[in-house]
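Let's take a friendly look at aromatic rings and how they pair up. Keep the sequence and the 3D view open as you read.

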Amino acid sequence: MATVWAVDQIVEQNLRFWSDETFAQLYMPFDALMFFGDNGGGDQFAFVQKPQRPDVFVWEHESDSRRWVANNLHDYLGRSLRVGGDDWYRL
């Protein structure tokens, strides 16, 4: 689990999600999301960039769902670090 990725990983992962043709065939578009962390099992955490908002959403890779999990980065860090475990957002 990487609550927040290093900057180079944020850039690398977002470029991959935005341009991978296989992803484009399997999932709804990712261009509105900016991923910045993960749960270690495939689910990714992101800000919505279109329209830009402070909320944090989780993209659940098995269902391609995008669901609200926190009001902003501060709230996300508090929730993810306080609750503990890789699946804190499913509680």
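F45 and Y89 are both buried, a term for under 20% relative accessible area, with over 50% called exposed and anything in between partly exposed (1.4 Å probe, protein chains only). F45 has 0% relative accessibility, so it counts as buried.

The model is predicted: local features need pLDDT of at least 70, side-chain atom pairs count only at pLDDT 80 or more, and totals for chains, interfaces and linings use all residues. Residues are numbered from 1 along each chain as its sequence is written, and side-chain values use heavy atoms, leaving out hydrogens and water.

## Rings that pair

A pair of aromatic rings is described by the distance of the centres and the angle of the planes. Rings of Phe, Tyr and Trp (its six-membered ring) pair if their centres lie within 6.5 Å; planes under 30 degrees apart are stacked, over 60 edge-to-face, and the rest tilted.

How many aromatic pairs does the structure hold? There are 18. In one of them, F45 and Y76 are tilted, 5.2 Å centre to centre with 55 degrees between the planes. This pair links distant parts of the chain, 31 residues apart: F45 belongs to strand 2 (residues 44-49) and Y76 to helix 3 (residues 73-83). Helices (H or I, at least four residues) and strands (E, at least two) are DSSP runs, numbered from the N terminus.

Y76 is buried because its relative accessibility is 0%. F45 and Y89 have ring centres 5.2 Å apart and planes at 85 degrees, so they are edge-to-face.

## A cluster

F17, F23, Y27, F30, F35 and W59 make up one aromatic cluster.
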